[in-house]
Structure formats: C-alpha cells, structure tokens
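Trainee: I would like to go through this structure and ask what lies behind the terms.
Mentor: Go ahead.

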Amino acid sequence: MRAAIIASPGKVSVETVPDPTPGPRDVLVKVAACGLCGTDLHILQGEFAPTLPIVPGHEFAGEIVALGTDVTELSVGDRVAVDPSLHCHECHYCRIGRGNLCERWNAIGVSKPGGAAEFAVAPVANCVKLPDHVDVHDAALIEPLSCAVRGYDVLSSTLGAEVLIYGSGTMGLMMLELAKRTGAASVDMLDVNPDRLATAVKLGCSRSAGSADELETRRGWDVVVDATGNARAIQDGLGRVAKGGTFLQFGVADYATTAVIEPYKIYNQEITITGSMAVLHSYERAAALFATGVLDPSVFISDRLSLEDYPQALDRFKAGKGRKIVVEP
C-alpha cells in the first residue's frame with residue numbers, strides 16, 4: 001500500500017510499504033479521508049512521536065475491509081470513524097478514568113501507524129459506526145470535534161458566559177460552534193489571518209478582530225480559550241480573563257513555549273488556568289453531534305488532496321493556508 005512516512009525530523013515522503021494486518025481484536029480500515037492538524041507538524045519537528053519513522057494521521061475515517069479473528073461487533077463494509085487514543089488501562093490515571101493522561105499513552109498516527117495511508121489498523125473498541133447519512137469523507141472531522149468536546153468538559157461553562165477565543169483555525173472554529181450551543185452570551189474571535197477570521201464571522205461569532213485591543217470590554221471575558229499554541233497569544237489571553245473567569249490552554253504549543261503568570265492576581269481574582277489534553281470519553285459524543293449537523297463540512301474542510309500530495313498538504317497547513325486540510329487516499 002501507499003503511505004506517508006515521517007522518517008526523521010523535517011523529512012516526509014509517500015512510499016510503498018507492506019499492507020498492515022489486523023490482530024484478533026482489530027479491524028482493517030480502507031481510509032476514505034485523513035485530516036491534518038498541528039500535532040502532525042509537531043511530529044514532523046521530532047516532537048510527540050516516541051520514535052520515527054511513523055505513518056502519521058490520527059484524524060481518519062473509512063470502510064472496514066477485514067476483521068480480526070475475534071471481532072463480532074462490526075462487519076466488513078461498515079463505515080467507521082476511528083478514535084486514535086490507545087490507553088494501557090492499567091496505570092494510575094487509567095484506573096481513575098483519566099486515560100488521556102495515561103502513563104503509557106499511545107495513539108494511532110502518533111506512536112502507531114496512522115491513517116495517512118491507503119489502509120490502517122484500529123482496535124474494534126476505537127471504531128464508531130457511522131449512520132448512513134454521514135459522508136465518510138467528512139467524518140475525519142469527528143476526531144478534532146471530540147477534542148473540542150473534551151475542552152468544554154474541562155470548562156464546565158456556565159450559561160451566559162462571555163467567551164474570547166484566540167485563533168479561528170479548525171479548532172478555534174469548533175470551539176466557537178460549541179460555545180454557541182452551550183449557552184454563551186457572546187463569543188468573540190481573534191486572528192491575524194483575515195481569511196480565517198472571515199469564516200468565524202460566517203459562522204456567527206459575536207465580534208471579530210485582529211487583537212483584543214480592538215474589542216471593548218467592561219471587565220474582561222469569563223472564558224478565554226487559546227486555540228493557537230502561540231506564545232504571544234497565550235500571554236495576551238492570560239491578561240484578558242475577568243475576575244472569577246477561566247483560561248483554557250487548548251492549542252498545542254511547542255515544548256519550549258513559556259508564559260508568565262501573576263500569582264497574586266490569580267489568587268485575588270480567583271482565576272482558573274487549565275488545559276485540555278486530546279480525547280477523553282468524548283469521541284462517541286462528538287460522533288453523535290456530528291451526525292446531527294453541528295458542523296458544516298463544506299465550511300470546515302477547505303482542501304481535499306490526494307495521499308500522494310501529503311508533503312504539499314503539510315506545507316500548506318504549516319503556511320496557515322485554508323482551514324481543515326484532508327488527504328483522500
């Protein structure tokens with residue numbers, strides 16, 4: 001089969017590799033679509049993935065073409081979206097229900113061969129069968145949506161919150177769509193990319209701007225979400241939280257990124273600073289939301305490229321062009 005390979009930091013190519021074989025409780029998925037995200041850029045930089053080379057691609061969906069010997073829950077021909085999370089189910093964090101913090105954390109497309117290929121292996125427990133009306137070529141959006149759902153689980157937002165989101169890429173826009181549906185009184189969006197900001201306006205954000213200084217506010221925002229991973233955005237966002245408010249670090253920053261906090265302000269104003277790591281008990285809920293039409297794939301997916309164009313797709317994503325970019329083997 002053909003697959004994208006990140007062989008070493010900065011080096012990616014598309015090559016012919018042996019077809020994967022499912023284990024007893026695995027299925028073999030013929031990949032219909034695989035999305036790119038910031039994690040893939042980190043892997044390309046030599047971060048996150050424990051070892052290279054690796055077949056990337058943790059956002060994917062497709063059709064089951066083969067079953068492991070012990071699989072009875074699904075059938076050949078079923079169309080599925082795949083939760084990439086691989087937890088050990090044995091460590092302290094798995095035992096307390098926090099598998100996304102697993103001490104032996106693995107993920108398809110990060111530490112195990114992923115969906116940037118013609119075929120991918122996945123445990124049957126990680127597959128969600130898609131209803132007939134969902135286009136499998138759109139269903140790669142379910143994984144990032146499940147991360148956004150996890151973000152709102154962490155926020156535990158109250159009704160009537162005023163929300164500020166840094167970044168109107170795919171994840172910022174998904175946080176916007178969920179904020180609108182979780183009772184936010186307003187959702188303001190910031191981005192230095194006018195094309196991406198225009199999409200936020202199209203999706204119905206309350207206000208949009210290139211910086212928070214352009215927006216008037218009496219007291220700051222109840223909820224501030226960084227969906228960029230950018231140090232300047234993070235630092236600015238920490239200073240925009242209202243008394244009693246929450247700052248959510250949702251964007252994936254480089255390992256070396258740092259920010260300065262003001263401990264007295266955090267204490268005196270009862271500000272919460274928290275993070276959201278990947279997927280936790282949120283994938284099936286995201287799939288259910290997706291099936292209801294919570295996202296418009298025609299708005300979120302800006303580019304559909306062939307698998308052979310995976311290196312160019314990464315370049316396009318790295319340059320900040322488009323929104324969600326998917327490859328379709």
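Mentor: V29 stands opposite A120 in strand β8. This is a predicted model, in which local features need pLDDT of at least 70, side-chain atom pairs count only at pLDDT 80 or more, and totals for chains, interfaces and linings use all residues. Residues are numbered from 1 along each chain as its sequence is written, and side-chain values use heavy atoms, with hydrogens and water left out.

Trainee: What makes β3 and β8 a pair?

Mentor: Two strands pair if DSSP finds at least two bridges between them; strands are DSSP runs of E, at least two residues long, numbered from the N terminus. β3 and β8 (residues 119–123) have five bridges, in the antiparallel sense, so the term applies.

Trainee: Why is β3 called largely enclosed?

Mentor: Buried means under 20% relative accessible area (1.4 Å probe, protein chains only). Nine of the ten residues of β3 (residues 26–35) are buried, so the rest of the structure largely encloses this strand.

Trainee: Why is Y93 called partly exposed?

Mentor: Exposed means over 50% relative accessible area, and partly exposed lies between buried and exposed. Y93 has 32% relative accessibility, so it counts as partly exposed. Y93 is found in helix α2 (residues 92–95).

Terms used:
Helix = DSSP H or I, 4+ residues; strand = E, 2+ residues; numbered from the N terminus.
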